[in-house]
Amino acid sequence: MWRYLGRRLLVSVVTVAGIVVVVFFIMRVLPGDAAAVRAGPYASEEKLEQIREQFGFSDPVPVQFVNYVKDAVTGDLGTSIRTGGEVTEELLIRLPASLELAFYSVLLAVVAGVPVGIAAAARRDTWIDRAARVVAVLGSSMAFFWLGLMLTFLFFFKLGWFPGPVGRLAITTQPPETITGFFTVDAALAGNWGLMGEAFSYLALPAVTVGFVLSAPIIKIVRSSMIEVLDSEYVRTARALGVRRREVLFRDGFRNALIPVTTAIGIIFGYMLGGNIIVELIFAWPGVGRYAYEALRVNDLEALQGFVIVVGLLYIVLNVVIDFIYSWIDPRIKLGQKVVA
Amino acid sequence: MKNIRPRLLQRRKIAILLALALLVAACGGDEEEPAATTAAPTATTAAAQEATATTAAEEMDEEIEEEAPTTTAAEAMDEEMEEEEATTTTGAEMIFEKPVIVASLADTPNLIELHTFRTTSAYAVTNAVYEPLIKQVLEEQPNGLLQGSFVDHHGAGAESFEILETDAGGFLATFNIRQGQTFPDGTPVTASDYKYVFDRSIEGPGYIGLLLPFVGIAGTDQIRVIDEYTLEVETTVQSPLFRRFLTFQVFGAMNQAEADANATEDDPWAFAYYNDKGGGSGPYHVTRFDPDNEVVLEPNPGYWNAGTLPNAGVIIRPIPDANEKARLIAAGEIDVATGIPPRLLAVLADDPNVTIWASQTTGVHYLAMNQTIAPLDNVHVRKAIVNAVPYQALIDNVMYGFASPAGGVVTSNMETHDSSIGGQFRQDLDAARAHLEQSGVEDLTLLLGVRESRLGDQEAAVLIQDALRQIGVTVDVQILPDGDFSGRINANELPLFIHDWFSWGEDPFYQMRFLTTCGQFVNYARFCDEAYDALVREGTFTTDPAVRQDVSSQAQQIFLDQAVWAPLWSSDRTAVTHKCVSGVVQDYTRIPVFTQMSKIPGC
Amino acid sequence: MTLLEVAGLTVGVTRSPTSILANVSFSIPAGKIVGLVGESGSGKTMAALTIMGLLPDGIEVRSGRVRMDGRQLMDPANLTLRRRSEDMAMIFQHPQAALNPTMKVGRQIARVFSLQQGSGRSEAMSQSIEMLRRVGIPGATRVAQAHPHQLSGGMCQRVMIAMALACRPRILIADEPTTALDVTIQAQIFDLIRDLVAETGAGVLFITHDLAAVAEMCDSVTVLFGGQVMEEGSRDDIFRRPQHPYTSFLLDSVQQEVDPDVVEAGVDFELVGCRFGHRCRYAWEACGEVPDLFSVGAGHRSACFLHTVGENRVGTS
């Protein structure tokens, strides 16, 4: 297992290197002048040159690349021309917010989507199945921003059941001591249940917005995977031997159906890794998506590069974790070893 | 940047107790502007009281914890308040907690270094943190707005000042720096701190140095420290802008000791250090700065006028989506919002829970025509375009009435605006067609660039496109990210584009100089006329109102004749507050000011 | 004595006139192995699924009676079958596919014991290991911890048989149990089945298209084509004295003596009458009706109109 991990690590390094190279050179092709934005309205040519000099944009591109890589290897992803802050630090501060939202959104999508998909597969062509498919279609076709705005309008503005979209906590609330960066976890660790409840209440609407949309692919994949399993020969064997329908569903069906479902969960979680920009903007969520968006608007190259690299790294880690989950679910998969005939 | 997690609640308690203590102390004292004599004792009592308040608060905290260790913070504070009421022995009957103002501004604060260009909300932060030598006298308007006077100024960081004319044709200003005021860390503010900030403006890498020659300051030798609390500023010309400049936050005192301690060889003025920190002696200091997310301003106990601050601090929380921002303010979750688009303002106007503050400004939104790109070098083509633009429709349908006609680079609300000239900027499609014919240009297609961040500009572009189509000119509208837009206009790649400008100080010659004189970087239309430049130069350094008017009118005529821009509109500065919020201020810079804001009790 | 009696079983696709099985009848006596023979598409697996009550969605029983020990298994009112596992168990063609890939085989067998006898977890496990030994798997304890993909085809089939036996069935249905296995393993599995029949007195329905296996294993044979019973009789009857054109054709194909006159055209389910009609060299107008099963010997019947003309036209081998 350790050899396998080692090999994956090596491959990851190559992948990351590839990401860095591609991102670096693509960013330099983007039109736009960050120096002009930073210089503002009282700019002059000398001022622009000065700014470019200061941020290293006037060196020849290969030199810039070498300097960038030298710094990146030590964890220094450069300086944001927009805020003047360290990109690495700024990303790390915002990452937990996006990850926490991603986690709960995916959790909701799975908790809601998996049972619906199973029910649809078990009761094929009944009203349950049809309803599940309608929900899946709705989720696929719904735009995040519309759903987010509608939910806040209904549940905050009209009903007042949930707090307003001001961020992760109420404006005057002190966040908990940072241990994991997840407010829900950190508040619980500090024993502050009120704070934890508040964090959840602010997570609710954005997580539901994203979760609903993400549940659509989950429902579809669970349904088709379960159908495939339920039609399989080994399920027929189990039924032939007197195993009751319900037990067949959960003991035989579920675990086997999990494999494509795990892939789907990995994909949607990966999709959320970079932060969902639209949801973060609507709910004023202080995540990396918003950071990348602001950086993109003003051509803040170092911030954008840093963002892509960090998200790429996270994606690689996610894939390794998913592979381990596979090997745990499916005994046919032994990581790194050949299957014994 | 985030290593210290301030105990906001703890500090709130201290601030509130301190404010209460000061209120109690000031009770029966002079209600008008504090004079120099009371400043020193106020400051020392403030410091002493802060010390006692701290320990008192800590003691109370311990008491509270012993009594009921599971109460929440809010409950603890309520208990505290009750204890306060019980133990107060002075005559003050009404003890109320000063409110914390929650603000959501037009954009996200990106950095708060004083001499680097930053977003509007970042300017609001530095406005609260740095204290200039003098400030505008605030005059209350019938609707409750506190308008800064263009004529009367009072001492701020300086307790008194005198401006005399010199024989060399300039000004000599002497300032007596208020004693007893301190930076948040307790360091006293002296004349050297003011000299430091002027020097930094002139010699540092910031952009402010460009502005000072306007008022006749070119070298650091013109700023002189006479003694610890006396500062002299000498100018080489007598500009009417001199006083106005002195009110700007960018010339507020900076903690020289702190700056020097954090300067490096590459960065001798400590620009990097102040990216995320405030360094001023103003009414507030920054206790938490999370760019894009939150800024917390708490009262600076060393501020010379701390006693009159009607709020306990400000939390600035950007809300990126304008619809959500409008909902939040209608729901009372935020107290002040700026940057709400006119379309939503029109909707909010019907809501009894909010107040909309709209005041005219001298800013200008304009359609520029780059004269280096053919056929825009042909004055008849430009006149055709200028006559085709549907000015009133833009004000009604894009700005929903929250704008005035611009009428030129010297806008209709600006001093020396000549309405006989400005009034000629109106839509006349027949005249437009005639000009186009006269130009001899046929089948004209032009690219019109607008910024992605400016929805109003985008909507205007569509209306302009339609109007030009009616005279036979095809316009392709391109929405560009801000960085791209800036790069392209600098490189003369956009024939038509919509841009805007607002001059701090609202002076017509300042505005004309930067936007329309030869060779200026931000003269994106690349207009150049010797006679025009001469007029602007003359007006800049004259204080005679009759001369200024005459010169300005002549320049405006040239501007019209040359069809330099289609001046689209002059935006109102708008702010929305919850109905219970009072104390909205409007000064030269039109940047949000929090020092007078409070909430009507019992509202 | 007859353990299982199936009569007049007609099964079709829901809401469609097509019949997959038409009036199929056979019976299985105790301690005997009955062969159900036919090419693919003949309906033999469907017959087994029907009497097991495992019909997939979209297929329904139109008529028929199924009796076990004289007891009705098929509810005549709604034609659904309720089978108790101790009545019948089934083993399938692709043993590796028929086992749950993510569950250890020992556990899969143990589960059957828990279901059938209510054994606790560890008791069921030891029962399962015992059963593995009984079906001839060496190193049963280790094998019990393995997953199906780690075992050979033959081992998997033994596991399947173990699972089926755990039900202690009166009837064992073996659907092409050795088709996917090689010949030596095949022989072992056959031995196993014969031993179990001798030991328990169960009846076996042996479904296959492999006539050699039938010749070796079965006491009696029913020949199916296109969902219709073509011929039924003892092993001797079918192999020595085949009466039906289709049976001869099957036997001939085994010996590689294919008659060029007979057209290879699979099964046409739309055909009215005898389903072998379009491939039969003796076909004539009468074949547009479905022939009855005519008695052509003791316990030997054939469904062909040739028998009505009194001639024994079909050759012997």
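Trainee: Which residue just after α2(C) takes a positive phi?

Mentor: Please keep in mind that this is a predicted model. A positive phi of about 70° occurs just after α2(C). The residue that takes this phi is C:G118.

Trainee: What span should helix α2 of chain C have, and how far apart are its end C-alpha atoms?

Mentor: The helix covers residues 105–117 of chain C, which is 13 residues. The expected span is 1.5 Å times one less than the number of residues, so the helix should span 18 Å. The end C-alpha atoms agree with this, being 18 Å apart.

Trainee: Against which helices do the buried residues of α2(C) pack?

Mentor: The buried residues of α2(C) include C:V105, C:I109, C:V112 and C:F113. Also among them are C:R111 and C:Q116. Their packing partners, within chain C, are α3 (121–134), α4 (140–144) and α5 (153–166).

Trainee: Turning to chain A, how many helices and how many strands does its secondary structure have?

Mentor: From the N terminus on, the elements of chain A are written α-α-α-α-α-α-α-α-α-α-α-α-α-α. The C-alpha trace of this chain spans about 85 × 60 × 40 Å along its principal axes. The secondary structure comes to 14 helices and 0 strands.

Trainee: What share of the contacts in chain A with a separation of 6 or more joins residues 24 or more positions apart?

Mentor: Chain A has 341 residues, of which 46% count as buried. Among its contacts with a separation of 6 or more, those between residues 24 or more positions apart account for 69%.

Trainee: Is α5(A) roughly parallel or oblique to α14(A)?

Mentor: Helix α5 (residues 87–122) and helix α14 (residues 301–329) of chain A pack with their axes 10 Å apart, at an angle of about 50°. Roughly parallel would require an angle under 35 degrees. The angle therefore makes α5(A) oblique to α14(A).

Trainee: Which residues make that contact, and what are their classes?

Mentor: From α5(A) come A:V87, A:T88 and A:L91. From α14(A) come A:E302, A:A303, A:G306, A:F307 and A:V310. By class, the contact has 5 nonpolar, 2 polar and 1 charged residues.

Trainee: Which chains share the most contacts?

Mentor: No contact joins chain B and chain C, and their closest C-alpha atoms lie 48 Å apart. There are 2 pairs of chains in contact, and the pair sharing the most contacts is chains A and B.

Terms used. Residues are numbered from 1 along each chain as its sequence is written. Chains are lettered from A and ligands numbered from 1 in the order in which they are written. This is a predicted model: local features need pLDDT of at least 70, side-chain atom pairs count only at pLDDT 80 or more; totals for chains, interfaces and linings use all residues. Helices (H or I, at least four residues) and strands (E, at least two) are DSSP runs, numbered from the N terminus. A residue is buried if 20 or more other C-beta atoms lie within 10 Å of its own, exposed if 12 or fewer, and partly exposed in between; C-beta atoms are placed from the backbone. Two residues are in contact if their C-beta atoms, placed from the backbone, lie within 7 Å. Axes are lines fitted to C-alpha atoms, for helices over the stretch in contact, and angles run from 0 to 180 degrees between N-to-C directions. Angles under 35 degrees count as roughly parallel, over 145 as roughly antiparallel, 65 to 115 as roughly perpendicular and the rest as oblique. Ala, Val, Leu, Ile, Met, Phe, Trp, Tyr, Cys and Pro count as nonpolar, Asp, Glu, Lys and Arg as charged, and the others, Gly among them, as polar.
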